[in-house]
Amino acid sequence: MLSHSHPKASRTGRPRSAAADEAILEATRASLVDLGWSKLTMGDVALRAGVAKTTLYRRWAGKNELVVDAVAVLFDELELPDLGSLSADVQGVVLQFAALLERPETKTALMAVVAESTRDEALRTRIRDSIVERQKRLVLLGRERAQQRGELPPEPDAATAARTADLIFDVIAGAVVHRALVSAEPVDADWAQRFTVLLLAGLGAAASGQKGRMDQVDRTGRADQKPGGSV
């Protein structure tokens, strides 16, 4: 698993305190829940964390960077369980992800930074680097295990492997976030099982030599229609 990455410490002064960092990030999430994005200030976070405001600014340039890191460490808690099959592993991480999104501090912080990032390209880049790219480790690990079990074939080259990993991550993260935070519907064991069947059916089709049919869809914009209107 990738180690947690945090903003670089100042080259001068006292060494950074892991306990202080943890207190600051926890205070940031609490402030978001209590105050919301617009009212959250570095001063309020410093007060809650019991540190000087200058301590925050030595670690983070501003509120955007601080909040992204406060969210990122929550997602670093996710683990990919080794349950013996790709299907079981996917269901396990989906339920774990959904449980994380149920926590008020995760839900509030994630929605806040995503909303703010629509107006801030630098913030969007930081979210991608600190959260999205770091959590792709779960996809890479799951695919490696599945290939070792013989459940998935190896990718033909590194570029294809990277594109596939991106797509898998987008599908899983997008579906769970939409279900839990946008539709506000439960992500329970039944939903996770049905979602996993749909996901793995698609992966199986993509890996089973249907490239010609996929190319045809790409060229025409639709799959060839069979008699009676079925695909």
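Analyst: Phe-195 has a relative accessible area of 10% and is therefore buried (buried means under 20% relative accessible area, exposed over 50%, partly exposed in between, with a 1.4 Å probe and protein chains only). The model is predicted: local features need pLDDT of at least 70, side-chain atom pairs count only at pLDDT 80 or more, and totals for chains, interfaces and linings use all residues. Residues are numbered from 1 along each chain as its sequence is written, and side-chain values use heavy atoms, with hydrogens and water left out.

Rings of Phe, Tyr and Trp (its six-membered ring) pair if their centres lie within 6.5 Å; planes under 30 degrees apart count as stacked, over 60 as edge-to-face and the rest as tilted. The count by this rule is two aromatic pairs. In one of them, Trp-191 and Phe-195 are stacked, with 5.2 Å from centre to centre and 5 degrees between the planes. Trp-191 is buried too, at 12% relative accessibility. Both residues sit in helix H9 (residues 189–207), four residues apart, so about one helical turn separates them. Helices (H or I, at least four residues) and strands (E, at least two) are DSSP runs, numbered from the N terminus. An α-helix has 3.6 residues a turn, so residues three or four places apart point the same way.

The loop between helix H8 (158–182) and H9 holds Ala-184. Its relative accessible area is 59%, so Ala-184 is exposed. The phi of Ala-184 is near 55 degrees, a positive value in a residue other than glycine. Most residues other than glycine have a negative phi.

Gln-135 lies in helix H7 (residues 121–149) and has a relative accessible area of 3%, which makes it buried. Leaving aside residues up to four places away in sequence, Gln-135 touches Phe-75, Asp-76, Leu-78 and Phe-169 (contact means heavy atoms within 4.5 Å).

Asn-64, in helix H4 (residues 63–75), is buried at 18%. The side chains of Asn-64 and Asp-120 are joined by a polar contact of 2.8 Å. A polar contact is a pair of N or O atoms within 3.5 Å; within protein, one must be able to donate a hydrogen and the other to accept it, and residues adjacent in sequence count only if both atoms are side-chain atoms.
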